Each structure stands twice: as C-alpha cells, then as structure tokens.
Amino acid sequence: MEIINKDIDGGKAFDWGRTSSDYARFRDIYPPVFYDKIVNRGLCIEGQKALDLGTGTGVLPRNMYRYGAEWIGTDISERQIEQARRLSAESGMNIEYIVSSAEDLDFPDETFDVITACQCFWYFDPETVIPKLYRLLKPNGRLVVLFMGWLPDEDEIAGKSEELVLKYSPQWTGGGYKRQQAYVSEKTYDYFNMTEHEEFDLMVPFTRETWNGRMKACRGIGASLSQDKIAKWEKEHLELLEKLAPEKFEVLHSASIVVLEKK
C-alpha cells in the first residue's frame, strides 16, 4: 500500500510492504523495560481487550502477549500483516490481525479497554481517527501512544548512519530525533485527557548485521528506494560500520509513553 503525505518526506511515496521481510527480522528491538512501562501502569494485561494500531509485523502484541490481554492488530499494509500472522503462528500466539487503515476501522462501540499506537500516531488523520478511537474505547478506556528513536546528535553510529540515509533519500524527515514527548495531535484532547507521560533513555543492543537491517527497514531506505539504490546504500553502510563499529555495540535511544483517558 503506497502512502503519500505532503507532511512526510516532502510527499515522497513510501510503502512499508516493500520492506516487510527486513521489518520482521530487524525491527523487533524494544528492550523489556519498554514493555514494563506499559504493564506497570496496569495496561494491556489479563482481562483486557487491546487494539494495536499500525501494528506492522505485530511487534507490540507479540511481545505483550504473555501478559494476558486479548489482542487485535491492524495495519494498512497487507504484507506487514502477513508477516505478523506468520510470526504469531510460529510462536503459538492467538492474535487476530486485520488489514485496515486506522481511518477505516470498523468495530462495535466500546469494544476495547486499551488502544495502542507505537511509532505511527502521526500517520493518521486525527479528524477521522480520534473520534473513532473515542467511540471504540469502553468508559475510562485508555489510549497509549508510544515512540522510541535513536539520538543522532549523541550517538556517533546513529548519526553517521542517518547521514547516509539522507545521502540516498534527502527528502527523508525521519531523522534528527531529540528527546521529546511522543507526538499527540491537538484533536486528541477534545476527546481524551492526558493522565501521564514519561520519557526515558535506553541503550539498545545490535550487531553490525542487525543495525544495518534496522536502518535498511526505515522509511527512507527500504520503504521508498529502488532495489538498486537499496543495494548501493547497504554496501556503503556495511563498509561504514566496518570502520566505525565493533561487531557488537549499543545505540542510544530515547523513548516516550503517553497515556490518555477517555473523557
């Protein structure tokens, strides 16, 4: 599913389905503390029904499955959902996945206790999606917005890798991340009250192969470039890592969780 948004990458088209295989292999990287921040707030646990928006390859519901919530994951990309179903089945997880944009979701009113959106909230049309999420949540239901990004100004490996993405994809707007609260549109506050937010640093472990895969599976490379350009970028990136990084290393990230309660 090709996406074009004038506010993202200067309107350059991208399609997460094109990088689904790498996404499945290399973007399941959140450390345990990331999930602890959710569970310790009494969210996405046994007895709750949870909906994950923009689920991609099902990273969030698959990693939180052991906490007992009943999960449904949705994504606009059919290929992403195919990978999510495969990975869940291989682990014996009973998670339902649906191919749908957030704008087109169709569930009965007050279906969910919790709705999560990880690394994706800015992709949605708030005028359509926010009233819909309000309707889908039970009374006192929670909307949880999550984000984690590397810090290119403080981590040399992240910074140099980001420069190389911009060399091949100069319109990419996914770089330059700094510590900040996860994005929540102003429309959200018409329907929800923010009850808490937390920002925290994380050191995320990689090898040269897995960091290369993580970077390749970003919007500026795997989701938008031709196969020829991806191959050239990858060759140059691996050469960069040979000079810059040991075989195993950690990359500094900052994460944020925002919890909003239905009014």
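1. D7 is exposed in this predicted model, its relative accessible area being 58%. The residue pairs with K6 in a salt bridge, in which the closest N and O atoms are 3.4 Å apart. K6 is likewise exposed, at a relative accessible area of 68%.

2. A second salt bridge joins R219 to D9, with an N to O distance of 2.7 Å. R219 belongs to the loop between α7 (208-216) and α8 (227-244), while D9 sits in the segment before α1 (20-26), so the contact ties together parts that are 210 residues apart in sequence. Both R219 and D9 are buried, whereas K6 is exposed and D7 is exposed too.

3. Within helix α8, K232 and D228 are four residues apart, which means that about one helical turn separates them. Their side chains meet in a salt bridge of 3.4 Å, N to O. K232 has a relative accessible area of 47% and is therefore partly exposed. For D228, the relative accessibility is 47%, and this residue also counts as partly exposed.

4. As to the total, the count of salt bridges in the model comes to 24. Among them are the pair K6 and D7, the pair R219 and D9, and the pair K232 and D228.

Notes: Residues are numbered from 1 along each chain as its sequence is written. This is a predicted model: local features need pLDDT of at least 70, side-chain atom pairs count only at pLDDT 80 or more; totals for chains, interfaces and linings use all residues. Side-chain values use heavy atoms; hydrogens and water are left out. A salt bridge is a side-chain nitrogen of Lys or Arg within 4 Å of a carboxyl oxygen of Asp or Glu. Buried means under 20% relative accessible area, exposed over 50%, partly exposed in between (1.4 Å probe, protein chains only). Helices (H or I, at least four residues) and strands (E, at least two) are DSSP runs, numbered from the N terminus.
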